[in-house]
Amino acid sequence: MSKKKRSTESQPVSDLLKAYIGSGKLAKGLDKVNASEAWHNVMGPGVVSYTTQVILERDILYVQLSSSVLREELSYGKSKIIRLLNEELGKQMIDKLVLR
């Protein structure tokens, strides 16, 4: 029977959690939550009040809006919205925005 050796190096718990989260499906789930939070932070309460659903699939953010007028207005500034969302997230996570 072989025993695994314990690492004698001490590491901060935050580094260990980041390594664990980044290694699996958990990271993708957190990215989805972070994208939704970023939408709420960037767009503000006026737009959020008309937002019914925010879903991140791969690199596309799907946003369901209850106002067709707002959807039309936001469609003119998609590239700026994508840039602001990626800045809020701290990484290039969103390449396309689909307003429904």
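A nonpolar core is taken here as a set of buried Ala, Val, Leu, Ile, Met, Phe, Trp, Tyr and Cys residues joined through side-chain atoms within 4.5 Å, where buried means under 20% relative accessible area, exposed means over 50%, and partly exposed lies in between, with a 1.4 Å probe and protein chains only. The largest such core in this structure has 20 residues, and those with the most contacts inside it are W39, L61, V63, L74, I94 and L97. The model is a predicted one, in which local features need pLDDT of at least 70 and side-chain atom pairs count only at pLDDT 80 or more, while totals for chains, interfaces and linings use all residues. Residues are numbered from 1 along each chain as its sequence is written, and side-chain values use heavy atoms, with hydrogens and water left out.

**Overall layout**

- The chain has four helices and three strands, which follow one another from the N terminus in the order α-α-β-β-α-α-β; helices (H or I, at least four residues) and strands (E, at least two) are DSSP runs, numbered from the N terminus.
- Of the 100 residues of the chain, 29% count as buried, and the chain exposes about 7,600 Å², of which carbon and sulfur atoms supply 52%; accessible areas come from the Shrake-Rupley method with a 1.4 Å probe, and for residues only the protein chains shown count as cover.
- Among contacts with a separation of 6 or more, 54% are between residues 24 or more positions apart, a contact being heavy atoms within 4.5 Å.

- In soluble globular proteins, nonpolar side chains tend to be buried together.
- The largest core, with its 20 residues, draws two or more residues from each of α2 (25–48), β1 (51–57), β2 (60–65), α3 (68–75), α4 (78–89) and β3 (96–99), and its largest share, five residues, comes from α2.
- L61, one of the core residues with the most contacts, touches A35, W39, V54, I55, L56, L85, I94, K96, L97 and V98 when residues up to four places away in sequence are not counted.

**Strands and the hairpin**

- β1 and β2 pair in the antiparallel sense over six bridges, with V54 opposite V63 in β2; two strands pair if DSSP finds at least two bridges between them.
- β2 and β3 pair in the parallel sense over four bridges, and here Y62 stands opposite V98 in β3.
- Because five of the six residues of β2 are buried, this strand is largely enclosed by the rest of the structure.
- The hairpin of β1 and β2 has two residues between the strands, and R58, in the loop between β1 and β2, has a positive phi of about 55° although it is not a glycine; R58 is exposed, with a relative accessible area of 75%.

**Around the loop between α4 and β3**

- M93 lies in the loop between α4 and β3 and, because its relative accessibility is 10%, counts as buried.
- Leaving aside neighbours within four places in sequence, M93 is in contact with D31, A35, L56, R58, D59 and N86, and its C-alpha is 8.4 Å from that of I60, although M93 and I60 are 33 residues apart in sequence.
- N86 is found in helix α4 and counts as buried at 7% relative accessibility; beyond neighbours within four places in sequence, N86 is in contact with K91, Q92, M93 and I94.

**Charged pairs**

- The structure holds two salt bridges, a salt bridge being a side-chain nitrogen of Lys or Arg within 4 Å of a carboxyl oxygen of Asp or Glu.
- The side chains of D31 and K91 form one of them at 3.4 Å, N to O, and the pair links distant parts of the chain, with D31 in helix α2 and K91 in the loop between α4 and β3, 60 residues apart; K91 counts as partly exposed at 44% relative accessibility.
- The side chains of R83 and E87 also meet in a salt bridge, at 3.3 Å, N to O, and both residues lie in helix α4, four residues apart, about one turn of the helix.
- R83 is partly exposed at a relative accessible area of 42%, whereas E87 counts as exposed at 52%.
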